[in-house]
Amino acid sequence: MDLSPNPDSPPSGGGNGGGGGSSSSSSSPSMGAGTPQSPSRYEAQKRRDWNTFGQYLRNHRPPLSLAQCSGAHVLEFLRYLDQFGKTKVHTAACPFFGHPSPPAPCPCPLRQAWGSLDALVGRLRAAYEENGGRPESNPFAARAVRLYLREVREHQARARGVSYEKKKRKKPQQLQAGDSSGLHGHQHHPPPPPPAAAC
């Protein structure tokens, strides 16, 4: 099976799977695959991911139809993809556990990065509905899948010493700094002490 190239390619536009799924349904109303225009990078990746998942279902023992697929099968698929991962995830016994840039190699396993899995699930959730699946029975939107992604995110954050929250915290600080400089113009230094302190 040559499944490795599909899940490893990182999402270019939407790191968040939920955002990617909603944008695709509004941007690609065409149902047919034989459109003369070349598909966007997102649409092409979504088609490859969908084909990979279909191949996984066919190779499953026993083979599964899409109607039989559940959240548990999606979890099996996501765990299966770890063998093609390129992200080093340190074990608790590793001396580099929690270090974002280890100074030396270690034998810890390679896994799929959380962001790649999250984006993959978002694309497959959209593809499922575009291929006739009902939203209420979408296995990619199952609660077990959301919980699994959250666990992977938290585990990888601890093991790799990467805080996913940092990016969210920096933006408001930068915006506040930008807003204060925009509102006050030239006030870049702290205000002078009150006059009563001179006595």
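Q: At what angle do helix 3 and helix 5 pack, and how far apart are their axes?
A: In this predicted model, helix 3 and helix 5 pack at about 80 degrees, and their axes are 9 Å apart. That angle falls between 65 and 115 degrees, so helix 3 is roughly perpendicular to helix 5.

Q: Which residues meet there?
A: From helix 3 they are Tyr42, Glu43, Gln45, Lys46, Asp49, Trp50 and Phe53. Helix 5 brings Leu120, Gly122, Arg123, Leu124, Ala126, Ala127, Tyr128 and Glu130.

Q: And what classes has the contact of helix 3 with helix 5?
A: Eight of its residues are nonpolar, two are polar and five are charged.

Q: Let me step back. How many helices and strands has the protein?
A: There are seven helices and two strands. Along the sequence the pattern reads α-α-α-α-β-β-α-α-α.

Q: What share of the protein is buried?
A: Buried residues account for 34% of the 199 residues. The protein exposes about 12800 Å², and carbon and sulfur atoms supply 56% of that area.

Q: What about contacts between residues at least 24 apart?
A: Take the contacts between residues at least 6 apart in sequence: 65% of them join residues at least 24 apart.

Q: Back to the helices. How many residues of helix 4 are buried?
A: Helix 4 covers residues 71-81, and eight of its 11 residues are buried, so this helix is largely enclosed by the rest of the structure.

Q: Which ones are buried?
A: The buried residues in helix 4 are Gly71, His73, Val74, Leu75, Phe77, Leu78, Tyr80 and Leu81.

Q: How do the axes of helix 3 and helix 4 cross?
A: They cross at roughly 105 degrees and come within 11 Å. That makes helix 3 roughly perpendicular to helix 4. Thr52, Phe53 and Tyr56 of helix 3 make the contact with His73, Glu76, Phe77 and Tyr80 of helix 4. By class, this contact has four nonpolar residues, two polar and one charged. Phe53 also takes part in the contact of helix 3 with helix 5. On the helix 4 side, His73, Phe77 and Tyr80 are buried.

Q: New topic. How do helix 5 and helix 6 pack?
A: Helix 5 (residues 114-130) and helix 6 (residues 143-160) pack at about 165 degrees, with their axes 9 Å apart. Angles over 145 degrees count as roughly antiparallel, and the two helices are therefore roughly antiparallel to each other. Helix 5 passes helix 6 in a left-handed crossing.

Q: Which residues in helix 5 and helix 6 meet?
A: Trp114, Leu117, Asp118 and Val121 in helix 5 meet Val145, Leu149, Val152, Arg153 and Gln156 in helix 6. Sorted by class, these are six nonpolar, one polar and two charged residues.

Q: One last spot. Where is Ser163?
A: Ser163 lies in the loop between helix 6 and helix 7, the latter being 165-184. Its C-alpha atom is separated by 9.7 Å from that of Arg153, 10 residues apart along the chain.

Q: How exposed is Ser163?
A: Ser163 counts as partly exposed, because its relative accessibility is 32%, and the range for that class runs between 20% and 50%.

How values were computed: Residues numbered from 1 in each chain as written. Predicted model: local features only at pLDDT ≥ 70, side-chain atom pairs only at ≥ 80, totals over all residues. Heavy atoms only, no water. Axes fitted to C-alpha atoms, helices over the stretch in contact; angles between N-to-C directions. Helix = DSSP H or I, 4+ residues; strand = E, 2+ residues; numbered from the N terminus. Parallel < 35°, antiparallel > 145°, perpendicular 65-115°, else oblique. Left-handed = near helix turned anticlockwise from the far one by under 90°. Contact = heavy atoms within 4.5 Å. Nonpolar A, V, L, I, M, F, W, Y, C, P; charged D, E, K, R; others polar. Buried < 20%, exposed > 50% of the residue type's maximum accessible area, 1.4 Å probe, protein only. Areas by Shrake-Rupley, 256 points an atom, 1.4 Å probe, with all protein chains shown as cover.
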